[in-house]
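Thanks for coming. I will go through one structure this morning, starting with the overall layout and then moving to individual side chains.

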Amino acid sequence: MQEDVIKLSPDALGYKDRGKMKWMGMMLSDHAEALKKQKKASQSAVIVPKENQPLEDISASLYKSYTSKKPLAIQLDMIKDGNYLPDTEGLVKGFKGSIVFIERRDRSIRQIRLEDIRHISWIDAASWFEKYQRQPVSY
């Protein structure tokens, strides 16, 4: 008596290889885990409260940033989870009433109410506007 050998392949059983989709799923989980670690590290950093500046000094700094295109760091008078929020860094792009428009490094615009600003400090313009790191040239 002769036995027939039947070979079944995954394709014959209806399995479809998802190729890139498998890799994307792995990349997504790794990315999500990296974001969780980054968030945890940023939450554990203690942000020291800066002195509360008068409204006149804040307004003068904002106007100087707007007219001279100098970047600044703004500490808001808001506390989350027992710490002050990280400084908002950017250039003043405009005003509307008591709202200040700040353009951040990633070109997004953030709206900040004037009464929410606690302290303003200046950022080194050379490091702010540097778009890329110069690589040493070897010959």
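When I say contact, I mean heavy atoms within 4.5 Å. With that in place: in the protein chain, take the contacts between residues at least 6 apart in sequence, and 56% of them join residues at least 24 apart. This is a predicted model, so keep that in mind throughout.

The layout next. The protein chain has three helices and seven strands. Read from the N terminus, the order of elements is α-α-β-β-β-β-β-β-β-α. The protein chain has 139 residues, and 22% of them are buried.

Now the salt bridges. How many does the structure hold? The count is seven. As background, side chains of opposite charge can pair when their charged atoms come close.

I will start with one inside a helix. Glu33 and Lys37 form a salt bridge at 4.0 Å, N to O. They are four residues apart in helix H1, so about one helical turn separates them. Glu33 is partly exposed, because its relative accessibility is 47%. Lys37 has a relative accessible area of 57% and is therefore exposed.

The next one spans more of the sequence. Arg118 and Asp77 meet through their side chains in a salt bridge of 3.3 Å, N to O. This pair links distant parts of the chain, 41 residues apart: Arg118 belongs to strand S7, while Asp77 is in the loop between strand S1 (72–76) and strand S2 (79–80). Is Arg118 buried or exposed? Its relative accessibility is 13%, so Arg118 counts as buried. Asp77, at 40%, counts as partly exposed.

Staying in that part of the chain, Arg113 and Asp116 form a salt bridge at 3.1 Å, N to O. Arg113 is partly exposed at 40% relative accessibility. Asp116 sits in the loop between strand S6 (109–113) and strand S7 (117–122). Why does Asp116 count as buried? The cut-off for buried is under 20% relative accessible area, and Asp116 counts as buried because its value is 14%. Apart from neighbours within four places in sequence, Asp116 touches Gln75, Leu76, Asp77 and Met78.

One more item on charges: Lys93, Glu103 and Arg107 are joined in a network of salt bridges.

On to the aromatic rings. There is one aromatic pair in the structure. Which residues form it? They are Tyr66 and Phe95, arranged edge-to-face, with 5.7 Å centre to centre and 65 degrees between the planes. The two residues come from distant parts of the chain, 29 residues apart, with Tyr66 in helix H2 (residues 55–68) and Phe95 in strand S4 (residues 88–96). Tyr66 has a relative accessibility of 33% and so counts as partly exposed. Phe95 is also partly exposed, at 40%.

The charged end of Lys69 sits over the Tyr66 ring, at 5.2 Å from its centre. There is a further case of this kind at Trp122, where Lys64 lies over the face of the ring, 5.5 Å from the ring centre.

Another tryptophan is worth a look on the display. Trp128 is in helix H3 (residues 125–129). It counts as buried, because its relative accessibility is 8%. What is Trp128 in contact with, leaving aside neighbours within four places in sequence? The list is Pro71, Glu89, Gly90, Leu91, Glu103, Arg104, Arg105 and Ile123. Of these, Arg105 is 23 residues away from Trp128 in sequence, with 7.8 Å between the C-alpha atoms. Glu103 is on the contact list of Trp128, and Glu103 also takes part in the network with Lys93 and Arg107.

Last, the surface. Ile6, Leu8 and Leu13 make a nonpolar surface patch of about 380 Å². Ile6 lies in the segment before helix H1 (20–44). With a relative accessible area of 69%, Ile6 is exposed.

That is the end of the tour. I will take questions now.

Note on methods. Residues are numbered from 1 along each chain as its sequence is written. This is a predicted model: local features need pLDDT of at least 70, side-chain atom pairs count only at pLDDT 80 or more; totals for chains, interfaces and linings use all residues. Side-chain values use heavy atoms; hydrogens and water are left out. Rings of Phe, Tyr and Trp (its six-membered ring) pair if their centres lie within 6.5 Å; planes under 30 degrees apart count as stacked, over 60 as edge-to-face and the rest as tilted. Buried means under 20% relative accessible area, exposed over 50%, partly exposed in between (1.4 Å probe, protein chains only). A charge sits over a ring if NZ of Lys or CZ of Arg is within 6 Å of the ring centre and within 35 degrees of the ring normal. Patches are made of residues with over 30% relative accessible area and no salt bridge: like charges are joined within 9 Å, nonpolar side chains (Val, Leu, Ile, Met, Phe, Trp, Tyr) within 5 Å. Accessible areas come from the Shrake-Rupley method with a 1.4 Å probe; for residues, only the protein chains shown count as cover.
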